[in-house]
Amino acid sequence: MLKIDNLHVRVADRVILNGLTLEVGAGEVHAIMGPNGSGKSTLAQVLAGRESFEITAGSIEYLGRNLLELAPEERARAGVFLAFQYPIEIPGVNNAYLLKAAVNARRRAEGKPQIDAFEFMRLIKGKMELMQISKEFLNRSINVGFSGGEKKRNEILQMLMLEPRLAVLDETDSGLDVDALKIVAAGVNSLRGADRSMLLITHYQRLLELIVPDRVHVLAGGKIAMSGGSELARELDERGYDWIETAAASA
Amino acid sequence: MASLQQHLEAERCALPPAARAQPWRGEAFASFNALGLPTRRDERWRYTDLKPLDNERLSFVPAAPDAELRAHVAAFLETQDIDLEGPRLVFIDGHFDATLSRRAELPGVTISSLADAWDSFVPEGSTGAAHARSRHPLAALNAAFVQQGAVLKLARGVVAAAPIQCVFVTAGRDQAAVQPRIVIELAEAAAATVVQHFVDAPEAAPGWLNVVTEVSQGPGSSLTVYRLQEHGTEQVHTSLLRARLERDARLTAGYVDRGGGLVRNDIDVTLAEPGAKADLFGILLAAGTQHIDNSLCVDHAAPRTTSLESFRAIADDRAHAVFCGKVTVRPGAQRIDARQTSDNLLLSAKAEIDTKPELEIYADDVKCTHGATVGELDEEQMFYLRSRGVSADAARALLTFAFAHITLERIALPALRERAIREIAGRLPEGVEWESP
C-alpha cells in the first residue's frame, strides 16, 4: 500500500526527516511514536501533499504510484486521508458543503455518479450517530466554535464519509478526554479492513490500547529508530523515549 | 466644470413645468453650482474620481420609456427572480412604471409617488442650511433634477407586514443621468423593511444613477434597508442614504455591490437622541477595472448611542475598493459605543484596497473600536480543503465566497439573501455552485 524509502525532508535550512524508510501493507495499522519535534507531523503533512516542505531525497510509493507527483487534491481523490492535528477553521463554509464536495470529488475521480442531498443524508446519518455529532452541526461553519474534541470527531466523521485507502491520523488523541477518545477509536476501528491501511501518529500509548496496531515505530532523529509489535508502545509508555534516542545515537 | 454647469443649465430647461416650478429647485441648483462636482482634493473624495461625469452627453431629464422599451424591461424582469412579496415599485430610467409595479395594501403604510407629492415636499439638500451641514454636492444635484421617486410613510406603531421593494432598472438607449429619491418616514414605534434593487436591462446604454434616500425615524422605530447593486460594469452609480434617528430608533442597512464601473455609496447617519442605534454592513466584489467606494459618516449627537459598521471588500484584477468610515462623537455625548471593522480580500497583485477609519471624539466616556484587515486567501485553509479533494481553483473560489457569505447571511429576507448569494457566487473567478443547506 505505502512504501516510503529513504525520505529526506527539510523546511528552510532545517533537516526534519533524514532517511526515513517505512512500509505499510494493505490492511495494516501502524503506529508512529516519538518525542516532540521528531518529525511525526512533518511526515503526516508530507504524505498529504503540503507544499511548504522540501523533499531533498527519497521516494513515496502509494498503490504503485509516485505519491510525490500528486497534488494534495489528487492524493485525496486517490484515497489518501489526513486527520489534522489542528483542524482548520473555515468561517462561512458549512460542514455539509465540504463533506459533499469531498465525497463527490472522490467519486468523480473513480468514475462513480455524484451523490445528491438525499443520498448524502442517508449516508451520513449513521456515521454522525457513531461519532455522536448532532444534526445541527452540518449547517455550522467548518470547525468554527467547535471544542477540541468536536474538531477531532469531525475529522473522523470526514474520514468515515471518504472511506480512504490510506488514513493518516496526526495526534488525533491529543486533547481528548477518555469518553471522546473512545468515540474516536470506535470510529477508526469501524473502518479497519483488509484493503485499508492506517498510520496512527501519536505521542501517547493510550490511543493504542483502543486501536491496537500491527506495528509500532519510533521516530527519532528524522528516521525510524526502532520498530516492534504493539508491546513496544507499552514499553515506551513506561520507559520514555530517552533510551531509544541514546541507542539510536550510539548505533 | 464650466462646461458641466452650462450643460446642467441647458438640461434644467428640459424639466417638465410642474417639476420645474418647485421653489426649492433653484436653491438646490445654486447649491450644487457653489459646491461643484467633488474632486479628489476633497478629503472625502480622495479615492474616487467623478471626472467621467463631466459629460455633455448625459441627459439629466431622460425620456420616458416608450412601449417597446417597457416591453423589453417587462420581459427582462420576468427572467429575474427578484420579486418579493409585498408592494413593489418599478422605475425605468427613473420613471415610475405602474404596470410593472404592484400595489399591495399594507395597513398603516402610505406609499406615494414623489411626483404626486411635490407640493408638500422639500428635499433635503435643496436648502442652504441642510446643505451646509451635509456638504454633499450629489444630494444637491439630485434635488435639482429629481423627477420621480417614492414617499413611504408609516403611522405610529405600524409594523409593515411585508418588505417594500423598489426596483430601479437602467434600460434606455441614451446616456441618462437618473436622479431618483426615496423618502422614508417612520413615526414612533413603526417598523419596516425597504429593499432597493438596481439592475440593468440588456443593452442598456452606459449612464449614471444618482439615488438619494432620506430617512427620518421617530422614537423606538425600526428600519431595515437592503440595497443590492447589480449594474453592468459600464454604469456609474452613486447613492446617498441619509438618516436621522430619534430616541431608541434602530436602523439596519445592508449593502451588496457587485456591479457598476464607478460606484460611490455614502451613508450618513445622525444618531440624534439617546438610545439610537445604527447597524451598517456591506460586501462588495470588484473585478476588472471596477471601482467601488463605501464612505460612511456616523454622527453620535446624543449620549448612549450605538453604531456598528462592518464592511467587507473583495478586489480582483485591477479593481479598486475603498472604505472610509468617519465617526464623530459630539461634546457631551457620553456612553457611546462605536465599532467599526473593515475586512478586505485581495485576489490580485494589481488590485487596490484603501481603508480609512476616521474618529473624531469630543467626549470621554466612549467605547470606540476600529479594525481593518487586508489579506490574501489563507494558506492553511487552502491546504485543508485540497486535502479533502477540492481542487485548488475550487478551494480558492470557495474561500472567497465564504468571505462574502459571512456578510450575505446577515440578510434576513430569504429570497433576497438567495439572490445576493447567487449574484456573488456566480461572479467569482472559478464560480461556486452554492446551495444552501
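Q: Which residue is the bridge partner of A:Leu7 in strand 2 of chain A?
A: In this predicted model, A:Leu7 has A:Leu20 of strand 2 of chain A as its bridge partner.

Q: How many bridges join strand 1 and strand 2 of chain A, and do they run parallel or antiparallel?
A: Strand 1, residues 2–11 of chain A, is joined to strand 2 of chain A by eight bridges, and the two run antiparallel.

Q: What is the strand order of the open sheet in chain A?
A: The order is 2-1-4-5, four strands with antiparallel pairing. Strand 2 (14–24) and strand 5 (65–66) of chain A are the edge strands, each pairing on one side only.

Q: And which strands does helix 1 of chain A touch?
A: Helix 1 of chain A, residues 40–48, packs on the sheet and touches strand 1, strand 2 and strand 4 (54–62) of chain A. The direction of helix 1 makes about 70° with that of strand 2 of chain A.

Q: Moving on to helix 4 and helix 5 of chain A: at what angle do their axes cross?
A: The axes of helix 4 (residues 117–130) and helix 5 (residues 148–162) of chain A cross at roughly 140° and come within 10 Å. Angles over 145 degrees would count as roughly antiparallel, and helix 4 and helix 5 of chain A are therefore oblique to each other. Their crossing is right-handed.

Q: Which residues make that contact?
A: Helix 4 of chain A contributes A:Leu123, A:Ile124, A:Lys127 and A:Met128, while helix 5 of chain A contributes A:Leu157, A:Leu160 and A:Met161. By class, six are nonpolar, one is charged and none is polar.

Q: How many residues of chain A are in contact with chain B?
A: On the chain A side there are 23 residues, in contact with 17 residues of chain B.

Q: Which element of chain A gives the most to that side?
A: Helix 3 of chain A does, with six residues. Helix 2 (72–77), strand 7 (90–94) and helix 3 (95–109) of chain A each give two or more. The chain A side has 15 nonpolar, four polar and four charged residues.

Q: Now chain B: how is it divided into domains?
A: Domain 1 of chain B covers 52–122 + 145–377, and domain 2 covers 378–437. Their centres, taken over C-alpha atoms, are separated by 24 Å.

Q: How many residues does the contact take from each domain?
A: It takes 23 residues from domain 1 of chain B and 20 residues from domain 2 of chain B. Strand 14 of chain B supplies the largest share of the domain 1 side, four residues.

Notes
Residues numbered from 1 in each chain as written. Chains lettered and ligands numbered in written order. Predicted model: local features only at pLDDT ≥ 70, side-chain atom pairs only at ≥ 80, totals over all residues. Domains from an automatic or database assignment. Contact = placed C-beta atoms within 7 Å. Axes fitted to C-alpha atoms, helices over the stretch in contact; angles between N-to-C directions. Parallel < 35°, antiparallel > 145°, perpendicular 65-115°, else oblique. Left-handed = near helix turned anticlockwise from the far one by under 90°. Nonpolar A, V, L, I, M, F, W, Y, C, P; charged D, E, K, R; others polar. Pairing = 2+ DSSP bridges.
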